[in-house]
Amino acid sequence: MKALQIYAGPRAMAHIRSRGLSPADVRAIPAAAGGPKGLILGALDRYLFGEWLTESSQPIDLIGASIGAWRMATACTPKSVAKFHQLEHDYIHQDYVVEPGKKRPTSTHISERFGSNLRAFYADLVAPVLAHERYRLHIITSRGKGILSRETGLRAGLGFGCAFFANAVSRNSMGMFIERVVFSQAHAKLPFEPDGYPGSQVMLTELNFCDALQASCAIPFALKSVPNITGAPQGAYWDGGLTDYHLHLDWRQSEQSKIIATNPIDPVTKGQFGIKNLGFGVSERPSIVIYPHFQQAVVPGWLDKSWKSRHRATAFLDDLIVLAPTAQWVASLPNAKLPDRSDFTRFGTDLGARVAAWQRAANMSHQLANEFASWLEAPNPDSVLPL
């Protein structure tokens, strides 16, 4: 059974047809929110960062929301393959205490335990992550505005209700209540073009790293928001998937950004960008955004899940290559679906059953990585579908 389907935007498809695909072509890697669904991407992450991309040396922007932010931050750690294995183990085995008389753990308890585990996971690795010589990390969070600027009493319920109706009018209207805040490594420009949605960029530092990452994973009502993150605008910060569920951002490069003017240099030496050149000339930046994803559709925001008209591909995704599982392979997974948050309810207090189901799905996902590695040996554009 075929597990992997590759999809490409029109410019990415043209690139594959003319040049194939090499690790040197990659300029950015997005990583979606989606909770347990991200477990099936572990093997692909380990292959991409542990093998394939090691054959190139260009800078690459890594940008994620929620579990995607956790994955991309892990890619920036020393010995990232081992840390990806740890992330998979820790996520699969997460467990929370349900107080007597309650059906589910409190958001306060989940937040406290998750925050503690997150700090233990990175421990003394924050500085190396932020100083990575090649990968530039960007963590997407959602900052509450107005009624959502603080999480107290009924404010969150009322505020998210307002955001829901605003989003029904238009995606940008939701910006009155929730804005995108991207925490980026020092001096790293955003790897996408402005798309009109309200937001800002903040420097990611050792002082705000764990808070920003926890905020990016803070699903409303399941976890508590993270208030007033150091170095960022005041407010309550929630899951980055609220504004950017699958990162349907404008990944297109402008014609100006594609070109690097090079200075005349000695033909026997290497130039500023490590490219031999006999004189004046231009050199193209890498053009491809490669996206390991758990489905074909790239949904803009979490509140857009029910708006099917917003799921279709747009020109924003022209440079995108999506690596996604086939429907037939997903149907072969435990319970005939991707792992998801409904499994917490499905399995209840039977931790062993949930762990077994999620671990089996993660083990089966090795087929996705193996098929992508095989395709790269002879990239066949005829097997790639339009996004």
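Q: Is Trp358 buried or exposed?
A: Keep in mind that this is a predicted model. The relative accessible area of Trp358 comes to 1%, and the cut-off for buried is under 20%. So Trp358 is buried.

Q: And what does Phe344 count as?
A: Its relative accessibility is 31%. Anything between 20% and 50% falls in the middle class, so Phe344 counts as partly exposed.

Q: How are the rings of Phe344 and Trp358 arranged?
A: Their centres sit 5.5 Å apart, with the planes at 85 degrees. Planes over 60 degrees apart get one particular label, so this pair is edge-to-face.

Q: Which helices does the pair of Phe344 and Trp358 tie together?
A: Phe344 belongs to residues 342-347 and Trp358 to residues 351-364. The two are 14 residues apart in sequence, so the pair ties together helix 11 and helix 12.

Q: How far apart in sequence are the parts tied together by Trp70 and Phe114?
A: These two rings also pair edge-to-face, 5.8 Å centre to centre and with 80 degrees between the planes. Both residues are buried. Trp70 lies in helix 3 and Phe114 in helix 5, so the parts tied together are separated by 44 residues.

Q: Which ring does the charged end of Lys83 sit over?
A: That ring belongs to an aromatic cluster that includes Trp70, Phe114, Phe344 and Trp358. Its centre is 4.0 Å from the charged end of Lys83, and the residue is Phe121.

Methods
Residues numbered from 1 in each chain as written. Predicted model: local features only at pLDDT ≥ 70, side-chain atom pairs only at ≥ 80, totals over all residues. Heavy atoms only, no water. Phe/Tyr/Trp six-rings, centres within 6.5 Å; stacked < 30°, edge-to-face > 60°. Helix = DSSP H or I, 4+ residues; strand = E, 2+ residues; numbered from the N terminus. Buried < 20%, exposed > 50% of the residue type's maximum accessible area, 1.4 Å probe, protein only. Lys NZ or Arg CZ within 6 Å of the ring centre and 35° of its normal.
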